[in-house]
Amino acid sequence: MAPPCQSPQGGNELMAYDACDPTVSRGPAPLPRQASSAPPAGPPELSTTGSGRTATEARALKVHSEAERRRRVRINAHLTTLRRMIPDTNQMDKAALLARVVDQVRHVKRRATEAA
């Protein structure tokens, strides 16, 4: 059995052998876990849903679908803001709206360089 070592504060309490041995790495201190909407990591569950997916795969698909839906909502909200800022764009599709915005930005930049 290995002899006990002293604590860094110089006390006489016994510490585990690994704490005394400088060659034993205990790795970095664990960080507190953040809350996440992602499913916990682990082995896939064996039960399957009606579509042939495991429960873990179905959960992952649901999380991905929700993230995609939030992304589409954000994109559409920004497009709506652009429609309000640029005149005569209410009936344009998204590609035409973006082309009009690019033209407007180029025009404003050209005017800014001419004014300088």
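Student: What counts as a helix in this predicted model, and where does D88 lie?

Tutor: The model is predicted. A helix here is a DSSP run of H or I with at least four residues, numbered from the N terminus. Helix 3 covers 94-115. D88 lies in the loop between helix 2 and helix 3.

Student: How many helices and strands are there, and in what order do the elements run?

Tutor: The protein has three helices and zero strands. From the N terminus on, the order of its elements is α-α-α.

Student: Where is confidence lowest, and where is it highest?

Tutor: Over the protein the mean pLDDT is 76, and 56% of the residues reach 70 or more. Residues 11-18 have a pLDDT below 50, and beyond near neighbours in sequence this stretch has 14 contacts in the model. Where pLDDT is low, the predicted coordinates should not be read in detail. By element, confidence is lowest in helix 1 (residues 17-20), at a mean of 48, and highest in helix 2 (residues 55-85), at 96.

Student: Is D88 buried or exposed?

Tutor: Phi of D88 is near 55 degrees, a positive value in a residue other than glycine. The relative accessible area of D88 is 70%, and exposed means over 50%, so D88 is exposed.

Student: What share of the residues is buried?

Tutor: The protein exposes about 10100 Å², with 57% of that supplied by carbon and sulfur atoms. A residue counts as buried under 20% relative accessible area. Of the 116 residues, the share that counts as buried is 9%.

Student: Which residues of helix 3 meet helix 2?

Tutor: From helix 2, the residues involved are N76, L79, L82 and R83. Their partners in helix 3 are K94, L97, L98 and V101.

Key
Residues are numbered from 1 along each chain as its sequence is written. This is a predicted model: local features need pLDDT of at least 70, side-chain atom pairs count only at pLDDT 80 or more; totals for chains, interfaces and linings use all residues. Side-chain values use heavy atoms; hydrogens and water are left out. Helices (H or I, at least four residues) and strands (E, at least two) are DSSP runs, numbered from the N terminus. Buried means under 20% relative accessible area, exposed over 50%, partly exposed in between (1.4 Å probe, protein chains only). Accessible areas come from the Shrake-Rupley method with a 1.4 Å probe; for residues, only the protein chains shown count as cover. pLDDT is the predictor's confidence in each residue, from 0 to 100. Contact means heavy atoms within 4.5 Å.
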